[in-house]
Amino acid sequence: MSKNIFSRFYCNRVCVVIGGLALILIMILFFDTYFFSSEKIPSLPDDPLYKDPQASVEDRVTDLMSYMTLDEKIGQMALVENKSVVVEDVRKYALGAILSGSGSNPEQNSFEGWRSMVQGFTSSSHESRLGIPILYGVDAIHGHGNVLGATLFPHAIGLGASGNESLVYELAEATGEELISTGVTWSYSPTLDMPEDVRWGRTYESFSDDPVLVGRLGAAYIQGVQVANEHGTSKVLATAKHFLGAGGMQWNTSSNKNFSIDQGATPVDETKLRNTYLLPFKDALDADVHTVMVGLNSWGETKLAAEHYLLTDLLKGELGFEGFVVSDWYGVYEIPGGEYRAAVTAIRAGVDMVMLPFDYKSFIGNVHRAVQQGEIPMERIDDAVRRILRVKFAMGLFDATSTPPLSDEDLFEHKTLARQAVRESLVLLKNSEGLLPLDRSASSTIRVTGSAANNVGIQAGAWTVAWQGVDGNWIPKATTILQGLQEVAGPNVTFEFSEDGTYEEGNPVIDVGIAVVGEKPYAEGWGDNPYPTLSEVDIRAIENLKKVCVRVIVILVTGRPLLISDAIDDWDTVVVTWLPGSEGAGVADVLYGVQPFTGSLPLPWPAHIGQLPVVGGKTKDGTPPLFPRYFGLR
Ligand code: BGC
């Protein structure tokens with residue numbers, strides 16, 4: 001009995017001691033894994049080599065990496081969205097980059113407001129243990145479009161219509177100047193996708209479906225954005241996106257239940273991938289692009305972020321890309337298997353920086369664990385971090401002095417350039433009455449109608465202040481197409497405007513009417529459209545206009561070719577402006593013959609839905625498109 005009592009007592013004490021020890025051990029392991037690196041924090045000399053601007057980039061990277069802990073390295077691999085991070089955590093976790101997703105703007109949305117917001121994040125990175133500066137990224141896909149008052153250039157499809165690489169170079173340089181004046185150092189542009197199916201909601205983000213044109217303009221854009229400033233450092237980092245096969249997805253293959261083709265599957269074989277989709281990326285590499293963004297599409301069954309062969313063997317190995325590969329928005333977590341497995345797969349496949357874009361703490365924990373468990377080799381982490389730091393050093397981030405705010409003269413120059421870009425991007429599809437150019441020397445009245453005639457939001461398209469764009473005329477320093485007509489035509493011409501085409505009854509029928517009609521803004525998969533054509537409202541406006549005008553000019557403000565075969569015969573003249581941006585007067589310049597039409601279609605214009613997709617200029621059903629690629633009257 002007493003033995004029993006003793007042994008229970010004894011046993012209880014032993015159990016408590018063993019349990020306690022086990023608990024302590026678990027806690028040590030837990031804290032070790034999640035809060036402290038098992039490595040010692042390397043000590044830092046007073047004057048480390050990596051801070052010496054005279055030392056070579058590779059030496060600086062090697063030196064800096066020798067002081068970094070594993071978690072500091074993983075921090076560099078994280079790209080986090082502005083609204084998901086507290087400023088202080090940039091310092092604490094040594095985060096590599098912050099982005100403003102489109103529309104993620106400071107409360108005071110102005111150049112000044114942006115400058116101080118970005119400065120807050122950048123200063124926090126300077127205060128980190130090793131002082132590694134962040135990259136700050138935005139989608140400047142048609143200028144610094146989030147900022148109220150910035151120059152809104154035509155979207156890429158319009159630049160494709162211009163076919164003018166020196167123009168593209170200059171406007172990319174101007175975009176870089178607007179970005180850097182707010183402290184933004186990274187732009188997620190240019191887009192090198194090639195749309196084969198105009199039902200895709202991202203058609204307008206692309207220059208063309210012709211790999212040669214895309215490569216030529218993409219390279220010019222990269223060189224323009226990355227041009228060296230007077231400090232000898234690059235202004236802004238460009239991004240070649242979306243690698244690879246974006247634009248070749250099939251309708252109804254999207255992995256996103258809200259979309260039809262965006263984020264879908266590109267079914268092509270490797271030969272087609274190499275002979276078409278890869279070509280502009282080769283041009284981008286030749287133009288010294290430092291970052292490549294992985295698409296949200298799949299190649300066959302595999303999401304691009306998991307494509308070891310394309311990212312590592314082809315891009316980094318065969319093509320010798322030495323910059324870093326960044327994943328797209330939440331793209332890594334689109335890989336099946338949960339967040340841990342997805343991060344492991346993507347990093348092993350060759351993704352260097354992960355656009356999370358939300359939870360960085362669990363990302364750091366997961367990758368730390370994966371390294372400790374040998375699922376991600378340390379050499380892969382070191383390779384990714386070396387690539388990221390190499391780019392940061394090469395673009396002068398460590399040695400940069402702050403750039404002064406943009407002057408009014410600079411802004412004025414950019415707007416003049418944007419107006420020129422609008423002029424060159426217009427395409428004349430039909431001019432049967434020889435109606436254009438219009439005459440402003442004699443007194444006349446012109447009736448104007450349509451949803452896009454007097455609306456900056458519509459003519460600017462999406463990625464303007466908000467992701468899906470805006471409606472109306474409250475964007476400062478912008479000119480609508482109607483305002484541009486009034487400005488360019490001068491005092492001899494009176495414009496009567498009615499958005500729906502109803503004018504005062506009893507007025508006589510006049511000679512000329514202009515209908516400015518088109519698409520409402522949309523971005524990404526939200527713009528996937530099974531039948532892209534004019535809205536009922538715009539069709540009615542044109543019908544109304546025809547009742548009170550003898551001859552009608554239709555101006556299409558659109559991000560893609562619209563299905564208009566059944567209507568075009570009723571229109572006398574047809575002009576495509578694409579999405580011209582803030583400088584509506586550029587449209588009037590060409591209508592009034594200040595400058596002739598020089599633009600041509602950057603992609604074929606389908607006649608009917610059965611022709612989609614149009615691959616390499618050939619329609620699916622073999623019938624001729626309404627207009628072939630490069631069509632444009634002079
Ligand atoms: C788009 C990218 C863009 C990123 C960051 C994604 O949804 O696919 O093109 O760069 O968002 O805004």
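## Terms and model

Two strands count as paired if DSSP finds at least two bridges between them. Strands (E, at least two residues) and helices (H or I, at least four) are DSSP runs, numbered from the N terminus.

This is a predicted model, in which local features need pLDDT of at least 70 and side-chain atom pairs count only at pLDDT 80 or more, while totals for chains, interfaces and linings use all residues. Residues are numbered from 1 along each chain as its sequence is written, and side-chain values use heavy atoms, with hydrogens and water left out.

## The open sheet

Strand 1 (residues 78-81) and strand 11 run parallel and are joined by two bridges. Ala78 has Val354 in strand 11 as its bridge partner.

Both strands belong to an open sheet of five strands, ordered 4-3-2-1-11 with parallel pairing. Strand 4 (186-187) and strand 11 (354-355) are at the edges with a single partner strand each, so one side of each has no neighbour in the sheet.

## Strand 17

Strand 17 is joined by four bridges to strand 12 (residues 427-431), and this pair runs antiparallel. Here Leu428 is the bridge partner of Val575. Four bridges also join strand 17 to strand 16 (residues 549-557), but in parallel. In that pair, Leu556 stands opposite Val576.

In a regular strand the side chains alternate between the two faces of the sheet. In strand 17 (residues 573-576), Thr573 and Val575 point one way and Val574 and Val576 the other. All four are buried, where buried means under 20% relative accessible area, exposed over 50% and partly exposed in between (1.4 Å probe, protein chains only).

## Helix 18

Helix 18 spans residues 536-548 and includes Glu536. Glu536 is exposed, with a relative accessible area of 55%.
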